[in-house]
Amino acid sequence: MIISIIILTFSFLLDGITSYYLYSSFTDVSMFNTIYTIIGLVIIYRFFSNNKNYLILCAIFGLLFDIVYTNTLLFNLSIFCLLGGIIVSLNNKLSINIINNSIISIVSIFSYYIITNIILVLINYIDFNMLLIYRILVNSIIMTIFYSIFSTLIIDKLDKKYSFKMVK
Amino acid sequence: MNRRKKKELQFRYIILIIILCIFLLLAIFSYTINNKKKLNTFEKLIKDAVTYTENILYSPIKYTKDLFSDFISLRNIRKENEILKNNLEKTESINTENIELKRELKALKEELKIDYILSDYEYLNATITSRNIGYWYNTITIDKGSYNGIKEDMAVINSKGLIGKVINCTTFTSTVKLITSSDTNNKISIMVTDGNYKLYGLIFSYNYKENEIMIEGISNTESVNINDSIYTSGLGGVFPSGILIGKVKSISTDVYDLSKIINVSPSVDFNDINYVTVLKRKETS
């Protein structure tokens, strides 16, 4: 559990730090645009044998994302829980390895951007723009794959060395 | 048969409950995103703790980055120094004029018994700690909060012009909503002027494809010329007057061809903001 929280906290802080250097706006979408916390959620799934505990952790980090980064209420909490469900179902069908982790990360990041966009369009906060969503999704691929591979490799090595316990 | 019907009924109830939950959540999202959300003590504590941890983590990176940028800027320093020397004489005369104008303004305020004017404000410098996470919200976080005297609705600028306003603050951090936000509740009163005339209007939208701020509500657009400056008007009680927003780029009509829209090129490059100044408007007595 502790290793999962450490990975998630690091990813969560990385979201804030990289936003300063790899800034994205409507006019300039960064080539290295991604949500590290979501990739962190994909990476830590291997440590959970109980899906309930995993979804609780998703909800907690969704709530933190709401409070610290987006000033919203229950918005990211709901989306992170939904993403948790997607990650669980994809992991049940795919085996855990570097490539599958990258695929699940990309699916999760795409889902996050598409779902948030749909909700914000529905509540009339932003205008619908297909081209913009396409640009965001394409630009998020590089960093998502990189961070997913990098963190999976590190965790694999650490797991071999210290053999982390599964969360029951 | 009865069991099947029961199951169908149960299934319908579940679908109905899910639809109701979705609508309820959408209503909550709409309310919290479109309206100002005040942070409670718990939220403030978490936000402060995370922002400070981030600050500690990226201070070595920031130091290295600043070191490199300082080294690069050293190359141009001789050239800049010559230009500055030439401008120094002009600055001295402008300063003298400024002092004289301030004295006259003070005398006039005393004469007319006015405690404050719309352009009165105090400065507070801040550094940006995080920017636009989650992509759609157009907000930045700065490292000054209520402890430094920041309150909600204070105007935020940099050396080039208006950036946005403070939407909420914790003890040591504040969240600033940029004027490029597509939030419809974020209307700002502006004035267009070329020195000879003054026209008033409202910022109502931002066109991110063209990087243009869109202004409506100006009755006589014939007087407006391309490259005329747009400033805050000071009306509305949020922003002090006279803060530069940008220059007129073009004039067009709305989608219904009913009213004129002024498209403004913003003076601030919103992709390159590192340091900002919060303006504390002087309050009336």
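**View 1. Polar contacts between chain A and chain B.** In this predicted model, 5 residue pairs are in polar contact between chain A and chain B, with both partners at pLDDT 80 or more. Salt bridges across the interface of chain A and chain B number 0 by the rule.

View 2. Five helices of chain A each give two or more residues to the side that touches chain B: helix 1 (2-21), helix 3 (51-70), helix 4 (75-93), helix 5 (98-122) and helix 6 (130-162). Helix 1 of chain A supplies the largest share, 8 residues. By class, this side of chain A holds 28 nonpolar, 14 polar and 3 charged residues.

**View 3. Extent of the interface between chain A and chain B.** Contacts link 45 residues of chain A with 49 residues of chain B. The two chains bury about 4,600 Å² between them. Carbon and sulfur atoms account for 67% of that area.

**View 4. Helix 3 of chain A against helix 2 of chain B.** Helix 2 of chain B spans residues 41-75. Its axis and that of helix 3 of chain A come within 9 Å. The axes cross at roughly 75 degrees, so helix 3 of chain A is roughly perpendicular to helix 2 of chain B.

**View 5. Residues where helix 3 of chain A meets helix 2 of chain B.** Helix 3 of chain A contributes A:L64, A:I67, A:V68 and A:Y69 to the contact. From helix 2 of chain B come B:F42, B:E43, B:I46, B:K47, B:V50 and B:E54. By class, the contact between these helices has 7 nonpolar, no polar and 3 charged residues.

Definitions and conventions: Residues numbered from 1 in each chain as written. Chains lettered and ligands numbered in written order. Predicted model: local features only at pLDDT ≥ 70, side-chain atom pairs only at ≥ 80, totals over all residues. Heavy atoms only, no water. Contact = heavy atoms within 4.5 Å. Buried area = accessible area lost by both parts, 1.4 Å probe. Salt bridge = Lys/Arg side-chain N within 4 Å of Asp/Glu carboxyl O. Polar contact = N/O pair within 3.5 Å; in protein donor to acceptor, adjacent residues only side chain to side chain. Helix = DSSP H or I, 4+ residues; strand = E, 2+ residues; numbered from the N terminus. Nonpolar A, V, L, I, M, F, W, Y, C, P; charged D, E, K, R; others polar. Axes fitted to C-alpha atoms, helices over the stretch in contact; angles between N-to-C directions. Parallel < 35°, antiparallel > 145°, perpendicular 65-115°, else oblique.
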